[in-house]
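Here are my notes on this one, written as I went through the model.

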Amino acid sequence: MMSSADACGGEHNTKRDRANQIMETKTKRAVVLLSGGLDSATVLAIAASEGYELYALSFSYGQRHIFELEAARRVAASIGVAKHRIAEIDLRIFGGSALTGDIEVPKGRTAEEMTHGIPITYVPARNTIFLSFALAWAEVLESSDIFIGVNALDYSGYPDCRPEFIAAFETMANLATKAGVEGRQALRIHTPLIALTKAQIIRKGIELGVDYRLTSSCYDPSLRGAPCGQCDSCLLRRKGFGENGIEDPLLYREDRASQ
């Protein structure tokens, strides 16, 4: 005799199969979270290489490094997207982060220091919020694919970059939408960078023709976008290029000062 659990599991699998069959007959669309940084530019290129029609989603959320949105526009135009949307939300009303509040961005931390604790550049619930927006747009687009450039190796210890967070969000997302309940959407969150080092990410991007001159990774750039060279993001980026034996194409603030 089939148990109720087996019956529920069979019903869930049937809905997922039906959703996959429906999506196979439609244009393969993907919502790609695009910050304008190195990682998200690489993810956008990966999604393009896999044949997806690209729908890039960026956020103006009160971040001090607002210059990254200019980079996001450049990257979207360079790689080619069907649409690029910039959602406006203001996380400054909560603060709690050096990126959205009056707190200094840490500079000059060692690789060892970056592996201990969660830094003040962590923005509370940021990826949860971003993925929720992406989920809403994916449902409207009748897309079952969201790409995000989270990384669990060369990163600053953010809890919402871990595989277990992504798995939990994906489970929730498949319970949260009308399209999911009706069997028209079996959402998958793609994290192609999650197990790569920064050097490996850069290597992959170069293979796919990403122009890293268009990107911006710095947490504390100048008004004209020159990276500081000393925040965690800059240091990890420079380390990645160095391990590939190539120069970062961006001109850092100290480089400009020496010219």
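**Notes on the predicted model**

1. Let me start with one residue. I129 sits in helix 5. Keep in mind that this is a predicted model. For I89, the separation from I129 is 40 residues in sequence, while the C-alpha to C-alpha distance is 9.7 Å.

2. Staying with helix 5, look at how it packs. Two packed helices are described by the angle between their axes and the distance between the axes. Helix 5 (residues 126–141) meets helix 6 (residues 163–176) at an angle of about 35 degrees, and the axes are 11 Å apart. The crossing of this pair, helix 5 and helix 6, is right-handed. On the helix 5 side the contact uses N127, T128, L131, S132 and L135, and on the helix 6 side F165, I166, F169, A173 and A176. Sorted by type, the residues of this contact come out as seven nonpolar, three polar and no charged.

3. Five strands form an open sheet in the order 3-2-1-4-5, and the pairing is parallel. Strand 3 (83–88) and strand 5 (188–190) are the edges, each pairing on one side only. From one strand to the next, the twist averages 25 degrees.

4. On one side, strand 1 runs parallel to strand 2, and five bridges join the two; R29 stands opposite E53 of strand 2. Strand 1 (residues 29–33) also pairs with strand 4 (residues 145–147), again in the parallel sense, over two bridges. In that pairing V31 has I146 of strand 4 as its bridge partner. Helix 2 packs on the sheet and touches strand 1, strand 2 (53–60) and strand 4, with a direction at about 170 degrees to that of strand 1. How many residues of strand 1 are buried? Four of its five are, so I'd go along with calling the strand mostly covered.

5. After helix 8 comes G209, which has a positive phi, near 80 degrees.

6. Finally, the whole chain. The protein chain has 10 helices and five strands. Of its 259 residues, 47% count as buried. Taking the contacts with a separation of 6 or more, 75% are between residues 24 or more positions apart.

Note on methods:
Residues are numbered from 1 along each chain as its sequence is written. This is a predicted model: local features need pLDDT of at least 70, side-chain atom pairs count only at pLDDT 80 or more; totals for chains, interfaces and linings use all residues. Side-chain values use heavy atoms; hydrogens and water are left out. Axes are lines fitted to C-alpha atoms, for helices over the stretch in contact, and angles run from 0 to 180 degrees between N-to-C directions. A crossing is left-handed if the near helix is turned anticlockwise from the far one by less than a right angle, and right-handed if clockwise. Contact means heavy atoms within 4.5 Å. Ala, Val, Leu, Ile, Met, Phe, Trp, Tyr, Cys and Pro count as nonpolar, Asp, Glu, Lys and Arg as charged, and the others, Gly among them, as polar. Two strands pair if DSSP finds at least two bridges between them. Buried means under 20% relative accessible area, exposed over 50%, partly exposed in between (1.4 Å probe, protein chains only).
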